There are 2 protein chains.
Amino acid sequence: MGTPMYRQIADDLRAMIESEELAPGQQLQTEIELRDQYGASRNTVRDAIKWLTTLGLVETRPGQGTFVVKKLDPFVTTLTRKEGEVAEGGQSTSYLSKVGHSLTPSTSAVRVEIQPAPEHVVTRLAIDPDTEVISRHEQRHIGRTPYSLQTSFYPVEFADRGADRLRSSKNIEEGAVQYLREKLGIKQVGYRDWITVRVPNLIEADFFKVPTDGRIAMYETFRIAYDGNGNPMRLTVTVLPADRNQLIVNVGDVPDL
Amino acid sequence: MGTPMYRQIADDLRAMIESEELAPGQQLQTEIELRDQYGASRNTVRDAIKWLTTLGLVETRPGQGTFVVKKLDPFVTTLTRKEGEVAEGGQSTSYLSKVGHSLTPSTSAVRVEIQPAPEHVVTRLAIDPDTEVISRHEQRHIGRTPYSLQTSFYPVEFADRGADRLRSSKNIEEGAVQYLREKLGIKQVGYRDWITVRVPNLIEADFFKVPTDGRIAMYETFRIAYDGNGNPMRLTVTVLPADRNQLIVNVGDVPDL
DNA sequence: GCAAATTTGTTCGTATGTATT
DNA sequence: CAATACATACGAACAAATTTG
(Lines give C-alpha, C1' and ligand atoms only; values in the text may rest on other atoms or scores of the structure.)
Protein backbone atom coordinates (compact mmCIF):
# COMPACT_ATOMS: atom_id res chain seq x y z
CA MET A 1 0.00 0.00 0.00
CA GLY A 2 2.72 2.40 -0.88
CA THR A 3 1.14 5.27 -2.70
CA PRO A 4 -2.47 6.08 -1.93
CA MET A 5 -5.02 5.62 -4.65
CA TYR A 6 -5.73 9.29 -5.17
CA ARG A 7 -2.06 9.83 -5.93
CA GLN A 8 -2.01 6.96 -8.40
CA ILE A 9 -4.97 8.44 -10.21
CA ALA A 10 -3.36 11.87 -10.11
CA ASP A 11 -0.05 10.52 -11.42
CA ASP A 12 -1.86 8.71 -14.19
CA LEU A 13 -3.68 11.86 -15.27
CA ARG A 14 -0.49 13.86 -14.85
CA ALA A 15 1.37 11.57 -17.22
CA MET A 16 -1.37 12.06 -19.79
CA ILE A 17 -1.17 15.80 -19.38
CA GLU A 18 2.60 15.95 -19.65
CA SER A 19 2.61 13.74 -22.71
CA GLU A 20 0.03 16.08 -24.24
CA GLU A 21 -2.33 13.16 -24.58
CA LEU A 22 -4.54 15.56 -22.71
CA ALA A 23 -3.84 18.87 -24.40
CA PRO A 24 -3.89 22.25 -22.69
CA GLY A 25 -7.44 23.54 -22.53
CA GLN A 26 -8.91 20.10 -23.02
CA GLN A 27 -11.58 18.84 -20.69
CA LEU A 28 -10.93 15.83 -18.48
CA GLN A 29 -13.50 13.13 -18.00
CA THR A 30 -16.11 14.02 -15.42
CA GLU A 31 -15.69 12.93 -11.83
CA ILE A 32 -18.34 10.28 -12.33
CA GLU A 33 -16.62 8.86 -15.39
CA LEU A 34 -13.28 8.83 -13.62
CA ARG A 35 -14.85 7.16 -10.61
CA ASP A 36 -16.13 4.32 -12.80
CA GLN A 37 -12.94 4.11 -14.79
CA TYR A 38 -10.62 3.83 -11.80
CA GLY A 39 -13.02 1.93 -9.59
CA ALA A 40 -12.69 4.49 -6.84
CA SER A 41 -15.21 6.62 -5.06
CA ARG A 42 -16.05 10.07 -6.29
CA ASN A 43 -14.38 11.59 -3.23
CA THR A 44 -11.14 9.84 -4.04
CA VAL A 45 -11.27 11.07 -7.60
CA ARG A 46 -11.85 14.55 -6.25
CA ASP A 47 -8.78 14.21 -4.03
CA ALA A 48 -6.77 13.34 -7.12
CA ILE A 49 -8.10 16.36 -8.98
CA LYS A 50 -7.42 18.60 -6.00
CA TRP A 51 -3.84 17.41 -6.00
CA LEU A 52 -3.45 18.27 -9.68
CA THR A 53 -5.05 21.62 -8.95
CA THR A 54 -2.50 22.63 -6.34
CA LEU A 55 0.19 21.50 -8.77
CA GLY A 56 -1.25 24.01 -11.20
CA LEU A 57 -1.93 21.39 -13.88
CA VAL A 58 -5.72 21.54 -14.05
CA GLU A 59 -8.49 23.89 -13.07
CA THR A 60 -12.08 23.09 -12.19
CA ARG A 61 -15.06 25.10 -13.28
CA PRO A 62 -18.36 24.44 -11.50
CA GLY A 63 -21.05 23.24 -13.85
CA GLN A 64 -18.57 22.72 -16.65
CA GLY A 65 -15.81 20.33 -15.80
CA THR A 66 -12.11 19.99 -15.16
CA PHE A 67 -9.67 21.37 -17.72
CA VAL A 68 -5.97 21.17 -18.39
CA VAL A 69 -4.53 24.62 -17.79
CA LYS A 70 -3.11 26.51 -20.72
CA LYS A 71 0.24 28.02 -19.96
CA LEU A 72 0.05 31.66 -20.90
CA ASP A 73 2.78 33.08 -23.05
CA PRO A 74 4.56 35.33 -20.68
CA PHE A 75 5.12 39.03 -20.53
CA VAL A 76 8.73 40.00 -20.25
CA THR A 77 9.87 42.83 -18.03
CA THR A 78 13.36 44.26 -18.05
CA LEU A 79 14.63 45.58 -14.73
CA THR A 80 17.84 47.12 -16.04
CA ARG A 81 18.71 49.84 -18.53
CA LYS A 82 21.31 50.08 -21.22
CA GLU A 83 24.73 51.02 -19.90
CA GLY A 84 25.14 54.76 -19.43
CA GLU A 85 21.40 55.44 -19.42
CA VAL A 86 21.28 54.46 -15.83
CA ALA A 87 22.36 57.51 -13.91
CA GLU A 88 20.14 59.82 -15.91
CA GLY A 89 16.78 58.25 -15.45
CA GLY A 90 15.79 59.92 -18.71
CA GLN A 91 12.36 59.32 -20.12
CA SER A 92 12.56 55.57 -19.75
CA THR A 93 11.62 56.09 -16.15
CA SER A 94 8.61 53.82 -16.16
CA TYR A 95 9.30 51.24 -13.55
CA LEU A 96 9.05 48.12 -15.58
CA SER A 97 10.06 49.29 -18.94
CA LYS A 98 10.09 46.78 -21.68
CA VAL A 99 7.06 44.68 -22.30
CA GLY A 100 6.57 42.01 -24.89
CA HIS A 101 3.56 41.33 -27.08
CA SER A 102 3.69 44.79 -28.70
CA LEU A 103 0.41 45.67 -27.06
CA THR A 104 -0.20 49.06 -25.61
CA PRO A 105 0.27 49.29 -21.87
CA SER A 106 -2.20 51.58 -20.15
CA THR A 107 -2.22 53.05 -16.68
CA SER A 108 -5.14 53.74 -14.41
CA ALA A 109 -5.67 57.02 -12.65
CA VAL A 110 -3.25 57.37 -9.79
CA ARG A 111 -4.63 56.98 -6.30
CA VAL A 112 -2.72 59.34 -4.05
CA GLU A 113 -2.64 58.98 -0.29
CA ILE A 114 -0.76 60.81 2.40
CA GLN A 115 -0.22 58.60 5.39
CA PRO A 116 2.12 57.82 8.23
CA ALA A 117 4.85 55.67 6.80
CA PRO A 118 4.20 51.95 7.23
CA GLU A 119 6.87 49.99 9.01
CA HIS A 120 8.43 48.44 5.91
CA VAL A 121 8.57 51.82 4.17
CA VAL A 122 10.32 53.36 7.17
CA THR A 123 13.10 50.82 7.09
CA ARG A 124 13.56 50.83 3.36
CA LEU A 125 13.48 54.60 2.93
CA ALA A 126 15.54 55.05 6.10
CA ILE A 127 13.23 57.77 7.45
CA ASP A 128 11.91 58.60 10.91
CA PRO A 129 9.14 56.29 12.12
CA ASP A 130 6.66 59.15 12.51
CA THR A 131 7.25 60.78 9.12
CA GLU A 132 4.43 60.96 6.62
CA VAL A 133 4.81 59.67 3.11
CA ILE A 134 3.01 60.20 -0.17
CA SER A 135 1.92 56.98 -1.79
CA ARG A 136 0.97 56.87 -5.44
CA HIS A 137 -0.84 53.71 -6.43
CA GLU A 138 -1.71 52.67 -9.96
CA GLN A 139 -3.04 49.71 -11.86
CA ARG A 140 -1.57 48.73 -15.18
CA HIS A 141 -3.03 46.80 -18.05
CA ILE A 142 -1.54 45.47 -21.23
CA GLY A 143 -4.26 45.40 -23.80
CA ARG A 144 -7.18 44.33 -21.65
CA THR A 145 -5.31 41.94 -19.36
CA PRO A 146 -4.33 43.19 -15.91
CA TYR A 147 -0.56 43.45 -15.73
CA SER A 148 0.71 44.99 -12.52
CA LEU A 149 -0.19 46.79 -9.30
CA GLN A 150 2.30 49.42 -8.30
CA THR A 151 2.73 51.79 -5.39
CA SER A 152 5.45 54.41 -5.03
CA PHE A 153 6.32 56.09 -1.75
CA TYR A 154 7.93 59.52 -1.40
CA PRO A 155 8.67 61.60 1.69
CA VAL A 156 5.97 64.34 2.01
CA GLU A 157 8.85 66.70 2.43
CA PHE A 158 9.37 66.55 -1.34
CA ALA A 159 5.93 68.01 -1.95
CA ASP A 160 6.38 70.61 0.77
CA ARG A 161 9.57 71.75 -0.89
CA GLY A 162 7.77 72.40 -4.13
CA ALA A 163 7.14 69.15 -5.96
CA ASP A 164 3.38 69.70 -5.83
CA ARG A 165 2.47 67.29 -8.54
CA LEU A 166 3.41 64.39 -6.31
CA ARG A 167 0.12 65.13 -4.55
CA SER A 168 -1.88 65.20 -7.76
CA SER A 169 -3.63 62.13 -9.05
CA LYS A 170 -2.55 63.08 -12.55
CA ASN A 171 0.15 61.06 -14.13
CA ILE A 172 3.60 62.62 -14.15
CA GLU A 173 4.13 62.16 -17.85
CA GLU A 174 7.79 62.98 -18.07
CA GLY A 175 8.45 60.63 -15.18
CA ALA A 176 8.91 61.28 -11.51
CA VAL A 177 12.67 61.02 -11.76
CA GLN A 178 12.97 63.88 -14.24
CA TYR A 179 10.33 65.91 -12.40
CA LEU A 180 12.14 65.69 -9.09
CA ARG A 181 15.43 66.61 -10.70
CA GLU A 182 14.02 69.67 -12.41
CA LYS A 183 11.95 70.80 -9.48
CA LEU A 184 14.14 70.02 -6.51
CA GLY A 185 17.47 69.16 -7.99
CA ILE A 186 17.23 65.69 -6.53
CA LYS A 187 19.04 63.42 -8.90
CA GLN A 188 18.48 59.68 -9.04
CA VAL A 189 21.79 57.97 -9.64
CA GLY A 190 20.83 54.35 -9.15
CA TYR A 191 18.40 51.88 -7.69
CA ARG A 192 18.28 48.49 -6.07
CA ASP A 193 15.54 45.96 -6.76
CA TRP A 194 14.57 43.34 -4.20
CA ILE A 195 12.72 40.50 -5.86
CA THR A 196 10.51 38.37 -3.65
CA VAL A 197 7.70 35.87 -4.22
CA ARG A 198 4.59 35.40 -2.13
CA VAL A 199 0.92 34.41 -2.37
CA PRO A 200 -1.62 37.01 -3.52
CA ASN A 201 -3.94 38.79 -1.15
CA LEU A 202 -7.65 39.12 -1.89
CA ILE A 203 -7.35 42.45 -3.70
CA GLU A 204 -4.61 41.15 -5.95
CA ALA A 205 -6.44 37.92 -6.66
CA ASP A 206 -9.48 39.94 -7.69
CA PHE A 207 -7.54 42.34 -9.90
CA PHE A 208 -5.48 39.69 -11.67
CA LYS A 209 -8.35 37.22 -11.86
CA VAL A 210 -6.35 34.50 -10.16
CA PRO A 211 -7.70 32.06 -7.57
CA THR A 212 -7.68 33.24 -3.98
CA ASP A 213 -5.96 30.15 -2.70
CA GLY A 214 -2.20 30.41 -2.89
CA ARG A 215 -1.53 28.27 -5.91
CA ILE A 216 -0.46 31.11 -8.18
CA ALA A 217 2.47 33.05 -6.81
CA MET A 218 3.15 36.75 -7.15
CA TYR A 219 6.38 38.57 -7.72
CA GLU A 220 6.70 41.46 -5.32
CA THR A 221 9.60 43.71 -6.23
CA PHE A 222 10.83 46.56 -4.08
CA ARG A 223 12.75 49.23 -5.93
CA ILE A 224 14.69 51.63 -3.75
CA ALA A 225 16.00 54.59 -5.72
CA TYR A 226 19.01 56.54 -4.46
CA ASP A 227 20.08 60.14 -4.92
CA GLY A 228 23.63 61.37 -5.39
CA ASN A 229 24.31 61.34 -1.65
CA GLY A 230 23.45 57.68 -1.31
CA ASN A 231 20.14 58.41 0.36
CA PRO A 232 16.94 56.58 -0.57
CA MET A 233 14.56 58.95 -2.36
CA ARG A 234 11.75 56.64 -3.44
CA LEU A 235 10.37 53.19 -2.85
CA THR A 236 8.34 51.51 -5.54
CA VAL A 237 6.53 48.25 -4.86
CA THR A 238 5.31 46.27 -7.83
CA VAL A 239 3.20 43.13 -7.77
CA LEU A 240 2.66 40.89 -10.74
CA PRO A 241 1.52 37.29 -11.17
CA ALA A 242 4.34 34.81 -11.59
CA ASP A 243 2.53 32.47 -13.94
CA ARG A 244 2.56 34.92 -16.82
CA ASN A 245 5.60 37.10 -16.20
CA GLN A 246 9.34 36.83 -16.56
CA LEU A 247 11.87 39.31 -15.29
CA ILE A 248 15.03 40.15 -17.16
CA VAL A 249 18.32 41.50 -15.88
CA ASN A 250 21.00 42.65 -18.30
CA VAL A 251 24.56 43.10 -17.11
CA GLY A 252 27.40 44.35 -19.25
CA ASP A 253 27.34 44.13 -23.00
CA VAL A 254 24.36 42.14 -24.15
CA PRO A 255 22.69 41.95 -27.58
CA ASP A 256 19.15 43.24 -27.89
CA LEU A 257 16.27 40.88 -27.47
CA MET B 1 -25.28 30.00 1.79
CA GLY B 2 -22.76 32.78 1.68
CA THR B 3 -19.35 31.52 2.63
CA PRO B 4 -19.01 27.80 3.22
CA MET B 5 -18.29 26.60 6.71
CA TYR B 6 -14.79 25.37 5.99
CA ARG B 7 -13.87 28.85 4.82
CA GLN B 8 -15.35 30.44 7.92
CA ILE B 9 -13.29 28.13 10.09
CA ALA B 10 -10.22 28.83 8.00
CA ASP B 11 -10.77 32.59 8.14
CA ASP B 12 -11.20 32.40 11.89
CA LEU B 13 -7.94 30.51 12.31
CA ARG B 14 -6.27 32.79 9.81
CA ALA B 15 -7.19 35.85 11.83
CA MET B 16 -5.68 34.26 14.91
CA ILE B 17 -2.51 33.49 13.00
CA GLU B 18 -2.17 36.95 11.51
CA SER B 19 -2.77 38.59 14.88
CA GLU B 20 -0.04 36.36 16.28
CA GLU B 21 -2.55 34.97 18.74
CA LEU B 22 -1.30 31.76 17.24
CA ALA B 23 2.43 32.35 17.00
CA PRO B 24 4.69 30.93 14.29
CA GLY B 25 5.69 27.40 15.19
CA GLN B 26 2.80 27.00 17.58
CA GLN B 27 0.56 23.97 17.35
CA LEU B 28 -3.10 24.36 16.48
CA GLN B 29 -5.79 22.46 18.28
CA THR B 30 -6.22 18.92 17.01
CA GLU B 31 -8.79 18.16 14.36
CA ILE B 32 -11.00 16.55 16.97
CA GLU B 33 -10.87 19.58 19.22
CA LEU B 34 -11.60 21.91 16.33
CA ARG B 35 -14.48 19.68 15.26
CA ASP B 36 -16.08 19.99 18.70
CA GLN B 37 -15.31 23.66 18.97
CA TYR B 38 -16.84 24.63 15.64
CA GLY B 39 -19.57 22.01 15.66
CA ALA B 40 -18.50 20.73 12.29
CA SER B 41 -17.44 17.32 11.09
CA ARG B 42 -13.82 16.33 11.12
CA ASN B 43 -13.74 16.34 7.32
CA THR B 44 -14.92 19.92 7.23
CA VAL B 45 -12.25 20.92 9.71
CA ARG B 46 -9.74 19.13 7.51
CA ASP B 47 -10.95 21.13 4.49
CA ALA B 48 -10.31 24.30 6.46
CA ILE B 49 -6.82 23.17 7.36
CA LYS B 50 -6.12 22.17 3.79
CA TRP B 51 -7.11 25.65 2.68
CA LEU B 52 -4.70 27.21 5.15
CA THR B 53 -2.06 24.80 3.96
CA THR B 54 -2.26 25.88 0.32
CA LEU B 55 -2.15 29.47 1.55
CA GLY B 56 1.15 28.58 3.16
CA LEU B 57 -0.01 29.53 6.65
CA VAL B 58 0.11 26.16 8.38
CA GLU B 59 1.72 22.78 7.86
CA THR B 60 0.53 19.39 9.03
CA ARG B 61 2.79 16.71 10.40
CA PRO B 62 1.34 13.19 10.60
CA GLY B 63 1.23 11.90 14.13
CA GLN B 64 2.04 15.30 15.55
CA GLY B 65 -0.45 17.95 14.59
CA THR B 66 -0.90 21.15 12.64
CA PHE B 67 1.52 24.02 13.13
CA VAL B 68 1.74 27.66 12.14
CA VAL B 69 4.57 27.99 9.66
CA LYS B 70 7.63 29.95 10.65
CA LYS B 71 8.78 32.35 7.97
CA LEU B 72 12.45 31.66 7.37
CA ASP B 73 14.76 34.62 7.28
CA PRO B 74 15.75 34.76 3.68
CA PHE B 75 18.98 34.36 1.85
CA VAL B 76 19.82 37.26 -0.36
CA THR B 77 21.37 36.76 -3.77
CA THR B 78 22.75 39.56 -5.90
CA LEU B 79 22.46 39.08 -9.65
CA THR B 80 24.53 42.10 -10.63
CA ARG B 81 28.11 43.23 -10.06
CA LYS B 82 29.61 46.53 -9.18
CA GLU B 83 29.95 48.83 -12.16
CA GLY B 84 33.07 48.13 -14.17
CA GLU B 85 33.60 44.68 -12.77
CA VAL B 86 31.09 43.38 -15.25
CA ALA B 87 32.98 42.97 -18.45
CA GLU B 88 35.89 41.24 -16.77
CA GLY B 89 34.22 38.41 -15.01
CA GLY B 90 37.16 38.41 -12.60
CA GLN B 91 37.11 36.04 -9.69
CA SER B 92 33.57 36.92 -8.66
CA THR B 93 32.41 34.50 -11.30
CA SER B 94 30.29 32.39 -9.03
CA TYR B 95 26.84 32.57 -10.44
CA LEU B 96 24.93 33.90 -7.49
CA SER B 97 27.55 35.81 -5.71
CA LYS B 98 26.61 37.48 -2.49
CA VAL B 99 24.93 35.52 0.20
CA GLY B 100 23.69 36.69 3.57
CA HIS B 101 24.00 34.97 6.93
CA SER B 102 27.79 34.95 6.81
CA LEU B 103 27.73 31.18 6.62
CA THR B 104 30.10 29.31 4.40
CA PRO B 105 28.62 28.22 1.10
CA SER B 106 29.80 24.82 -0.09
CA THR B 107 29.53 23.13 -3.43
CA SER B 108 29.02 19.48 -4.20
CA ALA B 109 31.14 17.57 -6.67
CA VAL B 110 30.23 18.53 -10.19
CA ARG B 111 28.25 16.03 -12.23
CA VAL B 112 29.41 16.33 -15.80
CA GLU B 113 27.42 15.01 -18.72
CA ILE B 114 27.88 15.22 -22.44
CA GLN B 115 24.59 15.04 -24.22
CA PRO B 116 22.68 16.20 -27.25
CA ALA B 117 21.49 19.69 -26.49
CA PRO B 118 17.96 19.77 -25.10
CA GLU B 119 15.47 21.92 -26.96
CA HIS B 120 15.55 24.86 -24.55
CA VAL B 121 19.34 24.91 -24.55
CA VAL B 122 19.42 24.96 -28.35
CA THR B 123 17.29 28.06 -28.56
CA ARG B 124 18.98 29.90 -25.73
CA LEU B 125 22.53 29.16 -26.83
CA ALA B 126 21.55 29.65 -30.49
CA ILE B 127 23.30 26.46 -31.61
CA ASP B 128 22.46 23.74 -34.12
CA PRO B 129 19.76 21.34 -32.95
CA ASP B 130 22.07 18.31 -33.27
CA THR B 131 25.06 19.77 -31.43
CA GLU B 132 26.28 18.19 -28.23
CA VAL B 133 26.72 20.19 -25.07
CA ILE B 134 28.61 19.72 -21.84
CA SER B 135 26.44 20.12 -18.79
CA ARG B 136 27.96 20.71 -15.38
CA HIS B 137 25.55 20.20 -12.54
CA GLU B 138 26.18 21.06 -8.91
CA GLN B 139 24.36 21.28 -5.61
CA ARG B 140 25.05 24.12 -3.23
CA HIS B 141 24.57 24.36 0.47
CA ILE B 142 24.87 27.22 2.90
CA GLY B 143 25.90 25.80 6.19
CA ARG B 144 23.86 22.60 6.19
CA THR B 145 20.77 23.93 4.47
CA PRO B 146 20.36 23.18 0.76
CA TYR B 147 20.59 26.40 -1.19
CA SER B 148 20.55 25.95 -4.93
CA LEU B 149 20.68 23.50 -7.81
CA GLN B 150 22.65 24.72 -10.77
CA THR B 151 23.46 23.44 -14.23
CA SER B 152 25.71 25.12 -16.76
CA PHE B 153 25.76 24.24 -20.44
CA TYR B 154 28.69 24.77 -22.79
CA PRO B 155 29.18 23.76 -26.40
CA VAL B 156 31.40 20.60 -26.54
CA GLU B 157 33.40 22.46 -29.08
CA PHE B 158 34.99 24.44 -26.22
CA ALA B 159 36.46 21.27 -24.75
CA ASP B 160 37.56 20.03 -28.16
CA ARG B 161 39.43 23.25 -28.72
CA GLY B 162 41.44 22.76 -25.56
CA ALA B 163 39.33 23.63 -22.53
CA ASP B 164 39.65 20.10 -21.17
CA ARG B 165 38.71 20.90 -17.65
CA LEU B 166 35.13 21.52 -18.72
CA ARG B 167 34.90 17.73 -18.95
CA SER B 168 36.36 17.19 -15.50
CA SER B 169 34.15 16.82 -12.48
CA LYS B 170 36.60 18.92 -10.52
CA ASN B 171 35.60 22.41 -9.69
CA ILE B 172 37.12 25.14 -11.82
CA GLU B 173 38.40 27.15 -8.91
CA GLU B 174 39.32 30.34 -10.69
CA GLY B 175 35.94 30.31 -12.39
CA ALA B 176 34.89 29.15 -15.79
CA VAL B 177 34.87 32.66 -17.19
CA GLN B 178 38.53 33.24 -16.44
CA TYR B 179 39.44 29.73 -17.51
CA LEU B 180 37.80 30.11 -20.90
CA ARG B 181 39.45 33.46 -21.45
CA GLU B 182 42.92 32.15 -20.64
CA LYS B 183 42.55 28.92 -22.51
CA LEU B 184 40.58 29.90 -25.59
CA GLY B 185 40.57 33.68 -25.55
CA ILE B 186 36.79 33.67 -25.25
CA LYS B 187 35.90 36.71 -23.27
CA GLN B 188 32.62 37.11 -21.45
CA VAL B 189 31.45 40.69 -21.79
CA GLY B 190 27.98 40.46 -20.33
CA TYR B 191 25.04 38.28 -19.46
CA ARG B 192 21.28 38.31 -19.39
CA ASP B 193 19.26 36.71 -16.61
CA TRP B 194 15.73 35.45 -17.20
CA ILE B 195 13.89 35.10 -13.93
CA THR B 196 10.92 32.74 -13.86
CA VAL B 197 8.89 31.03 -11.16
CA ARG B 198 7.44 27.54 -11.25
CA VAL B 199 6.55 24.61 -9.01
CA PRO B 200 9.31 22.19 -7.97
CA ASN B 201 9.75 18.78 -9.52
CA LEU B 202 10.26 15.68 -7.39
CA ILE B 203 14.05 15.91 -7.39
CA GLU B 204 14.00 19.52 -6.30
CA ALA B 205 11.39 18.91 -3.62
CA ASP B 206 13.57 16.13 -2.23
CA PHE B 207 16.77 18.17 -2.28
CA PHE B 208 15.28 21.30 -0.77
CA LYS B 209 13.08 19.39 1.67
CA VAL B 210 9.93 21.12 0.48
CA PRO B 211 6.55 19.46 -0.04
CA THR B 212 5.96 17.82 -3.40
CA ASP B 213 2.68 19.57 -3.96
CA GLY B 214 3.11 22.95 -5.58
CA ARG B 215 2.60 25.22 -2.62
CA ILE B 216 6.20 26.38 -2.42
CA ALA B 217 7.38 28.01 -5.61
CA MET B 218 10.85 27.90 -7.10
CA TYR B 219 12.82 30.60 -8.82
CA GLU B 220 14.33 29.28 -12.02
CA THR B 221 16.84 31.71 -13.47
CA PHE B 222 18.43 31.32 -16.86
CA ARG B 223 21.72 33.16 -17.29
CA ILE B 224 22.92 33.49 -20.85
CA ALA B 225 26.50 34.76 -20.99
CA TYR B 226 27.76 36.51 -24.13
CA ASP B 227 31.21 36.82 -25.65
CA GLY B 228 32.64 39.89 -27.34
CA ASN B 229 30.93 39.06 -30.64
CA GLY B 230 27.50 39.01 -29.11
CA ASN B 231 27.29 35.22 -29.24
CA PRO B 232 25.99 33.15 -26.35
CA MET B 233 28.84 31.19 -24.77
CA ARG B 234 27.18 29.64 -21.76
CA LEU B 235 23.78 28.94 -20.25
CA THR B 236 23.45 28.55 -16.51
CA VAL B 237 20.17 27.41 -14.98
CA THR B 238 19.71 27.94 -11.27
CA VAL B 239 16.82 26.73 -9.14
CA LEU B 240 16.16 27.93 -5.61
CA PRO B 241 13.11 27.91 -3.35
CA ALA B 242 11.17 31.17 -3.32
CA ASP B 243 10.08 30.97 0.32
CA ARG B 244 13.59 31.57 1.64
CA ASN B 245 15.33 33.54 -1.08
CA GLN B 246 15.35 37.09 -2.38
CA LEU B 247 17.06 38.27 -5.50
CA ILE B 248 18.73 41.64 -5.76
CA VAL B 249 19.47 43.76 -8.79
CA ASN B 250 21.67 46.84 -8.49
CA VAL B 251 21.66 49.46 -11.22
CA GLY B 252 23.82 52.53 -11.27
CA ASP B 253 25.31 53.99 -8.16
CA VAL B 254 23.94 52.23 -5.10
CA PRO B 255 25.26 52.11 -1.52
CA ASP B 256 26.44 48.78 -0.17
CA LEU B 257 24.05 46.55 1.67
C1' DG C 1 12.52 -1.95 22.98
C1' DC C 2 7.59 -2.37 22.95
C1' DA C 3 2.81 -1.26 23.49
C1' DA C 4 -0.62 2.11 23.94
C1' DA C 5 -2.38 6.48 22.99
C1' DT C 6 -2.64 10.35 20.03
C1' DT C 7 -2.90 12.62 15.64
C1' DT C 8 -3.13 13.10 10.90
C1' DG C 9 -3.97 10.47 6.29
C1' DT C 10 -6.92 7.76 3.17
C1' DT C 11 -11.22 5.94 1.51
C1' DC C 12 -15.81 4.92 1.33
C1' DG C 13 -20.97 6.09 1.20
C1' DT C 14 -24.50 9.48 1.11
C1' DA C 15 -27.03 13.77 0.76
C1' DT C 16 -27.69 18.30 -0.67
C1' DG C 17 -26.23 22.88 -2.66
C1' DT C 18 -24.76 25.80 -6.58
C1' DA C 19 -23.24 27.01 -11.21
C1' DT C 20 -23.66 26.26 -16.11
C1' DT C 21 -25.60 24.62 -20.23
C1' DC D 1 -37.14 24.11 -16.37
C1' DA D 2 -34.29 20.11 -16.57
C1' DA D 3 -29.91 17.92 -16.91
C1' DT D 4 -25.17 17.97 -15.92
C1' DA D 5 -21.04 18.81 -13.23
C1' DC D 6 -18.56 20.44 -9.54
C1' DA D 7 -18.84 22.08 -4.29
C1' DT D 8 -19.90 21.38 0.43
C1' DA D 9 -20.89 18.60 4.38
C1' DC D 10 -21.75 14.68 7.35
C1' DG D 11 -20.59 10.11 9.30
C1' DA D 12 -17.73 6.09 9.61
C1' DA D 13 -13.78 3.04 9.47
C1' DC D 14 -9.17 1.85 9.11
C1' DA D 15 -4.09 3.06 8.09
C1' DA D 16 0.24 5.26 9.13
C1' DA D 17 3.30 8.26 11.73
C1' DT D 18 4.77 9.94 16.05
C1' DT D 19 5.00 10.48 20.89
C1' DT D 20 4.38 8.77 25.43
C1' DG D 21 4.36 5.50 29.12
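The contact between the chains involves 41 residues of chain B and 41 residues of chain A. Please bear in mind throughout that this is a predicted model.

Let me turn to the area. The size of an interface is often expressed as the accessible area that is lost when the parts come together. Here, chain B and chain A bury about 3,600 Å² between them, and carbon and sulfur atoms account for 61% of it. On the side of chain B, the residues that lose the most area to chain A are B:Arg192, B:Val249 and B:Val251, which together make up 18% of what that side buries.

What kinds of polar interaction does the rule find across this interface? There are 14 residue pairs in polar contact, both residues being at pLDDT 80 or more, while the number of salt bridges found is 0.

Which elements of chain B supply this surface? At least two residues each come from α3 (42-54), β8 (188-198), β9 (218-227) and β11 (245-252) of chain B. Of these, β8(B) provides the largest share, with 9 residues. Sorted by class, the side of chain B that touches chain A comprises 22 nonpolar, 11 polar and 8 charged residues.

Finally, I would draw your attention to the strand pairing between the chains. Strand β11 of chain A, residues 245-252, pairs with β8(B) in the antiparallel sense, over 6 bridges. Within this pairing, A:Ile248 has B:Trp194 of β8(B) as its bridge partner.

Thank you for your attention.

Key: Residues numbered from 1 in each chain as written. Chains lettered and ligands numbered in written order. Predicted model: local features only at pLDDT ≥ 70, side-chain atom pairs only at ≥ 80, totals over all residues. Heavy atoms only, no water. Contact = heavy atoms within 4.5 Å. Buried area = accessible area lost by both parts, 1.4 Å probe. Salt bridge = Lys/Arg side-chain N within 4 Å of Asp/Glu carboxyl O. Polar contact = N/O pair within 3.5 Å; in protein donor to acceptor, adjacent residues only side chain to side chain. Helix = DSSP H or I, 4+ residues; strand = E, 2+ residues; numbered from the N terminus. Nonpolar A, V, L, I, M, F, W, Y, C, P; charged D, E, K, R; others polar. Pairing = 2+ DSSP bridges.
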